[in-house]
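Here is a short briefing on helix packing and salt bridges. Please look over the sequence and the model before reading on.

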Amino acid sequence: MELLQTPSPSGQEMLIQHKWIHYVKPFADEIRTDHAGNAIGVLNPNAPFKVLLAGHCDEIALVINRIDENGYLFFDKVGGINEKAAVGMMVTVIGYNGIRTGVIGVNAQHHGGLKDGFGLEDLFIDCGYKTKQEAEQEVQIGDLIVYKRNPELLNNQYIAGRGLDNRTGAFIVAEVLRRVKELGCQVGVYAASTVNEETNLGGAYFAASAIEPTMAIACDVTFATDYPGVNKNKYGDVQLEKGPVLAKGAPINIKMNQLLESTAKELAISLQYELTPRMTGTDADKMRLTGKGVPVALVSLPLRYMHSPVETVSIKDIADEIELLAQMIAKLTGKESLNPLEK
């Protein structure tokens with residue numbers, strides 16, 4: 001829960017990365033960082049066969065693009081912000097001179113409300129400043145903003161809050177590293193809390209380029225479709241508590257999926273599937289195209305209400321994904337061929 005309460009807007013992930021490093025350090029053989037801002041925990045750094053796990057820690061955000069004469073803050077999006085979900089939200093403004101609380105103001109319905117088809121340019125943030133000069137003592141153009149929302153437990157089964165995409169992934173790769181340490185393994189394991197996925201996928205590129213992994217697995221979230229109003233014929237059938245989701249499609253290495261499927265069968269962990277025919281839209285895309293090319297898989301956590309302040313996931317699915325990945329990695333001998341043309 002501490003990670004979920006820590007602001008990590010894309011491009012400014014330093015605070016959460018320090019906490020992630022502190023958490024991972026007791027069970028990692030070494031910790032690495034890079035110029036992108038990635039944090040990487042490593043087991044067996046001298047092993048020639050290297051498995052890279054990438055879970056991005058950055059969250060979607062807002063960015064100040066104008067301060068008016070009365071001290072109101074206007075903003076643009078950093079990542080896939082849904083403007084309809086922003087209306088009336090409390091926010092945390094990460095100012096250059098401290099953290100401030102604000103509210104996203106909206107024209108009262110009695111005064112006409114929001115116009116149809118409104119955009120972010122129709123919204124503003126009220127931090128209580130009276131003038132532009134007063135506001136500029138604490139905030140400036142380019143400062144980032146996240147929703148002010150604490151994580152909550154729903155029925156002791158689900159976690160709801162902002163930025164579960166994909167701080168759950170950063171947590172999962174850390175826990176896989178811890179679990180693999182307990183199980184023991186013969187291969188090198190690189191658990192990376194990556195940055196910038198929501199904006200440019202740059203963190204994954206930096207990590208994979210430096211590590212040159214034998215295989216890479218992106219641990220992200222995907223769209224659950226088990227709530228009212230979703231067209232399952234169009235978007236597929238993905239449910240909370242039905243297990244991790246494996247991607248199938250051209251970018252995905254078939255043999256890696258087979259390793260995951262055989263491990264899931266042994267552990268009696270149910271799996272779900274999504275299609276990624278051309279690209280995955282995740283860290284996997286950048287890792288795949290580094291160096292001489294890297295075989296990739298994508299293992300995702302089902303998530304309801306994507307890119308809203310109330311994203312929701314299952315605790316059971318998190319635990320199943322951690323065990324699936326850890327057990328698969330622990331079984332690797334380092335002699336596996338990932339070439340789909342070889343038996």
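Predicted model: local features only at pLDDT ≥ 70, side-chain atom pairs only at ≥ 80, totals over all residues.

Residues are numbered from 1 along each chain as its sequence is written, and side-chain values use heavy atoms, with hydrogens and water left out.

**Packing of α7 and α9**

- Helix α7 spans residues 254-267 and helix α9 spans residues 315-331; they pack at an angle of about 110°, their axes 9 Å apart.
- That angle makes α7 roughly perpendicular to α9 (65 to 115 degrees counts as roughly perpendicular).
- Axes are lines fitted to C-alpha atoms, for helices over the stretch in contact, and angles run from 0 to 180 degrees between N-to-C directions.
- Helices (H or I, at least four residues) and strands (E, at least two) are DSSP runs, numbered from the N terminus.
- From α7, L259, L260, S262, T263, A264, E266 and L267 meet E323, L324, L325, Q327, M328 and K331 of α9 (contact means heavy atoms within 4.5 Å).
- The residues of this contact of α7 with α9 divide into 7 nonpolar, 3 polar and 3 charged.

- The structure holds 15 salt bridges, each a side-chain nitrogen of Lys or Arg within 4 Å of a carboxyl oxygen of Asp or Glu.
- One of them joins the side chains of E59 and R167, at 3.4 Å from N to O.
- This pair links distant parts of the chain: E59 sits in the loop between β3 (50-56) and β4 (61-67), R167 in helix α4 (residues 164-183), 108 residues apart.
- Both E59 and R167 are buried (buried means under 20% relative accessible area, exposed over 50%, partly exposed in between, with a 1.4 Å probe and protein chains only).

**A salt-bridge network**

- Within helix α4, E182 and R178 lie 4 residues apart, about one turn of the helix.
- Their side chains meet in a salt bridge at 2.7 Å, N to O.
- R178 is partly exposed, with a relative accessible area of 26%.
- R179 forms a salt bridge with E323, the closest N and O atoms being 2.9 Å apart.
- R179 lies in helix α4 and E323 in helix α9, so this pair ties together parts that are 144 residues apart in sequence.
- E323 counts as partly exposed, at 22% relative accessibility.
- Salt bridges that share partners join E175, R178, R179, E182 and E323 into one network.

Key. Parallel < 35°, antiparallel > 145°, perpendicular 65-115°, else oblique. Nonpolar A, V, L, I, M, F, W, Y, C, P; charged D, E, K, R; others polar.
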